[in-house]
Amino acid sequence: LQDAFDEGLFFSCRDVKVYIEHCDDCRQHASTTRHLPENYEGRAHDIEQEIEDRIIQSEVQVLMNLDAHGKHFRARLGSFEVVLTWRDGKNNALHKILLFTKLQSMRFPNASALTKRLSAVLPAEEGILAILCQDACTGAALGGVKMSINAPGKDEVVIRSGEQGCAVINLTKVMYHVSIAHGDYLPSSLDVAPSDIQRTVPMPLVPRMDENQLRVVLSWGAAPEDLDLHVFTSEFEVDFDRRDCEDGTLLLENDARTGFGPETALITYPLPSDMHIFVHHYDGAGSLSMSGAIVKVYNSEGLEAAFEVPQDDEGSDCKFWYVGARRPDGSWHLLDQPLQKSQPEFVF
């Protein structure tokens, strides 16, 4: 396979398939054959998961006890055979490699080691990354923002956002670290996961502030359209309906209603109590738990804390995310179950 790739015969993963033949219907075997179907099925799914996590290529298909036509067949007794197939890029010829055979080795494969060898050969998939740069306080697009993009083993890439605040670049699907230093804004950074490729990633930039101030910034994906940031103390609350308070300690600077955010609150100390933060799914299709929402808290020097919404299937119908409470000493109190179906109640 490595030779085929080096010679230019193999350059696309669209036709790559991994076939796993594993013993099944084990309860029908003779009583002297001692093995459990769950053991074979579990190991097959381990390989499937390793391929999904390590190779990160949607084109690579894993087929279990299926032939080339997609029909199920009866696996051989005690089998756990792994076969890789692909078509070359010149004459469309089908190639097969036996990656592992339990029938010959009399043992199971190491899923991690097998997939590691495979991932070292397969070409990395490319995709488009779009970074949306905005002023966190106004939501206005920021053009000309310089971004440095780094990944292990790769040369640094430097790009700038366009007039509409968006920077677009083709990247392979690996982990990237994005660093930004722009004018009167605090330095910012962003870790881009492989799953972020092919979508727009919001990057709100936070203006500098006084030492006794914090900014709380909520951003998320395209859906739901409207998430609302709420900030409480024992005396005041700010949200989309009450954007400031009498003593000037809390101010909601931006309210976004068309996806991505940002929603931003300016906090001026001292406060009369702990500061509580929660997010409400106010409107729009999609769930809060799958919104990609993240709340970042900045002080005068930069990022102080960041919280990501839990991706929990059981929380798919929850409309509220209790982010946490910041105590006067700067420590945070968090809940074990932050996704809730009703508005959180606070004890001061």
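Predicted model: local features only at pLDDT ≥ 70, side-chain atom pairs only at ≥ 80, totals over all residues.

Biologist: Great. What volume does the largest pocket have?

Modeller: The largest pocket comes to about 770 Å³. It is lined by 29 residues, and the closest to its centre are Asp196, Arg199, Gly292, Ile294 and Glu308.

Biologist: Which elements give two or more residues to that lining?

Modeller: Those are the strands β10 (188-192), β11 (200-205), β12 (213-219), β18 (294-299) and β19 (302-308).

Biologist: And how do the lining residues of the largest pocket divide?

Modeller: There are 16 nonpolar, eight polar and five charged residues in the lining of the largest pocket.

Biologist: Okay, what about the second largest pocket, what is its volume?

Modeller: That one has a volume of about 240 Å³. Lys17, Tyr19, Ala68, Thr85 and Leu94 are the closest to its centre, out of 11 lining residues.

Biologist: Which element gives the most to that lining?

Modeller: β3 does, with three residues. At least two residues each come from β1 (17-22), β3 (80-87) and β4 (94-101). By class, the lining of the second largest pocket holds five nonpolar, one polar and five charged residues.

Biologist: Nice. Switching to cysteines: how many disulfides turn up in the whole structure?

Modeller: The search finds zero disulfides.

Biologist: Is cysteine 137 buried or exposed?

Modeller: Cysteine 137 has a relative accessible area of 11%, so it is buried, the cut-off being under 20%.

Biologist: And cysteine 318, buried or exposed?

Modeller: Cysteine 318 counts as buried too, because its relative accessibility is 7%.

Note on methods. Residues numbered from 1 in each chain as written. Heavy atoms only, no water. 1 Å grid on protein atoms, 1.4 Å probe; cavity = no way out; pocket = protein on both sides within 12 Å on 5 of 7 lines; lining within 4 Å. Points joined across faces, edges and corners; volume = space filled by probe spheres on them. Helix = DSSP H or I, 4+ residues; strand = E, 2+ residues; numbered from the N terminus. Nonpolar A, V, L, I, M, F, W, Y, C, P; charged D, E, K, R; others polar. Disulfide = S-S within 2.5 Å. Buried < 20%, exposed > 50% of the residue type's maximum accessible area, 1.4 Å probe, protein only.
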